[in-house]
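Take a look at the model below and keep it open while you read.

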Amino acid sequence: MAVMDTDAGVARAATTEGPLKRWLLARPGVTRIAVIALLIGSWEFAARFLLDRDFISPPSAVLISLGALLATPGVPKALGLTLYEIAIGFVLASLIGVTVGLVVGLGRFAHKSFMPIVLLLYGLPQITILPLFVLLFGIGPASKIAFGVSHGMFPIMIAVAAGVQKIDPVLMRGARSMGASPPQILYHVIFPHMVPSFFTGLRLGMTGVLLGVLLAELYVSTAGIGYFTSLFTQNLQPAKLIGLVSMLALIAVVLNTIVRRAETHYGRWRA
Amino acid sequence: MNGDLREHFNREPLAIRLASHGVQVAFIFGVFILWFLATNVWRVSSILLPNPFDVWRQLIEVIRTGEFIRDLRITLGEFAAAFAIATVLGVAIGYAISRSRYLIKVFEPLFAAIYAIPIILFLPLYVMVWGLGPPSKIALGATIGFFPIVLNTVVGFGNVDRTLIAAARSMGASNLQMFRHVLLPGALPVVLAGLRMGFTVALLSVIGSETIASLAGLGHRIVNLAENMEMARMFAYIVFVIAIVALLNTAISTIEAYARWQ
């Protein structure tokens, strides 16, 4: 078993193998793209020759049907509506998360008493109460936003509270003894120290909001993407279904990348 | 000594500790009192919020008659299959990739990118291919559980201290000895954490996909009761499912702690 054909192995291979292999070994990204291409290729092959075209479409057919998908009445609007639900949910989850996180994180007593409650609520399997959200907020966007918020706010709370807890008490005492008012302390001491954990929380919160909104959309929907996924499923239109789902996955990746970039960018200053 | 001192100074005074526990107990009591007042005094519609006593009665009845057994068996069966597939594939593929630093560089970003996608999105596709029954839940749970397991296996086995490996090899350890005494102990904590994460997400996605589209199972039962407006019974089932999930999570955490200690 080649336990560690890592550095030494790569180097050895690089000196003894041909130029193509050496070139590839220096560029894992190229191999990664080749792996993805291979996967898509085998999907194309399987869908074309092995599987039932009524239930699965080859990627080429999905690409071709993207135009038809976007021309389907209501689909662009549904995508917009889902994005809107995610945006509102994310803003609300951030507001609630930061407020509660600050309150719970700043006071020692508040932290000791309320943090276990927050962790308990965060640990509950929220999916079990999805039908309840729909009964309370209706089948429109409100229930999706609410479910997104309830998934997104807890990670933000926990990250913000953890971040504020880590602030050196000397800094707080120093600021207070030099006569800083509470708003000044909040703005000049707490906020700058909160930034890295705040963005970590935002990243986790985004994951939660996406999950919550999409779960609620798939559960019941009259105008959002959930409506169209069930429509395409019932009408056996796999190409459109895969196209729509892929677009949403792409949106999720883009949103996640944005918050991740923000996290590394703003987390850099102290890391 | 130093640690003891710090411990001593960091410890909260007894009064504060008691008070914070008091707040927690009061919070839970407060929720129940509000629930009681809302249903009995302020007359909130029982379609929105059933009476806590009704919920309790229903819960007792559900447990006494054993009507939950069929749904529980289906959900747990789906979950067990999903977690088993995710574990076998995740650990095997993760271990294979972790043997080469080059493969780690190729595959880790790929898995991490897919991990960032809410895979529940693909549920309609899974239902289309595998139908409304258990196979689609097993497949989805296995997919969602696979990624934390494979990522942690790659990281766990890939980051074993190189000095230890070089030392073991120079002392003539066989491959099996190397695995048993160097790689496994080094990687185990991270792999176990991945298995625990995979366990939780697979369980939740099985229940979630039952909620969204299914023929049977605990998630299906809750939706069914919601659609029939049998709110007290639905709440009873919610409490039941939460208890089951909590029980399973406690069990896996205990097993993890035990394996770590071993």
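The contact between the chains in this predicted model draws 47 residues from chain A and 43 from chain B. Two residues are in contact if their C-beta atoms, placed from the backbone, lie within 7 Å.

**Where the chains meet**
- On chain B, the elements giving two or more residues to the side that touches chain A include helix H2 (14-40), helix H9 (175-212) and helix H11 (231-261). Helices are DSSP runs (H or I) of at least four residues, strands are E runs of at least two, and both are numbered from the N terminus.
- That side of chain B has 33 nonpolar, six polar and four charged residues. Here Ala, Val, Leu, Ile, Met, Phe, Trp, Tyr, Cys and Pro count as nonpolar, Asp, Glu, Lys and Arg as charged, and the others, Gly among them, as polar.

**The core**
- The largest nonpolar core has 122 residues, and Val160(A), Leu215(A), Leu123(B) and Ala202(B) touch the most other members. Helix H10 (residues 182-219) of chain A gives the largest share of this core, 14 residues.
- Such a core is a set of buried Ala, Val, Leu, Ile, Met, Phe, Trp, Tyr and Cys residues joined through C-beta atoms within 7 Å.
- Leaving out residues up to four places away in sequence, Leu123(B) touches Leu218(A), plus Leu140(B), Ser209(B), Ile212(B) and Ala213(B).

**Chain A as a whole**
- Chain A has twelve helices and zero strands.
- Its radius of gyration, taken over C-alpha atoms, is 24 Å, while a compact globule of 271 residues would have one near 18 Å. The globule rule is 2.2 Å times the number of residues to the power 0.38.
- Along the principal axes, the C-alpha atoms of chain A fill a box of roughly 75 × 65 × 35 Å.
- Buried residues make up 38% of chain A; buried means 20 or more other C-beta atoms (placed from the backbone) within 10 Å of a residue's own.

**Domains**
- Chain A splits into domain 1 (7-51) and domain 2 (68-267), with bounds from an automatic or database domain assignment. The C-alpha centres of these two domains of chain A lie 37 Å apart.
- Chain B has domain 1 (2-44) and domain 2 (63-261), and their C-alpha centres are 33 Å apart.

**Reading the numbers**
- Residues count from 1 along each chain as its sequence is written, while chains are lettered from A and ligands numbered from 1 in written order.
- As this is a predicted model, local features need pLDDT of at least 70 and side-chain atom pairs count only at pLDDT 80 or more, but totals for chains, interfaces and linings use all residues.

How values were computed
A residue is buried if 20 or more other C-beta atoms lie within 10 Å of its own, exposed if 12 or fewer, and partly exposed in between; C-beta atoms are placed from the backbone.
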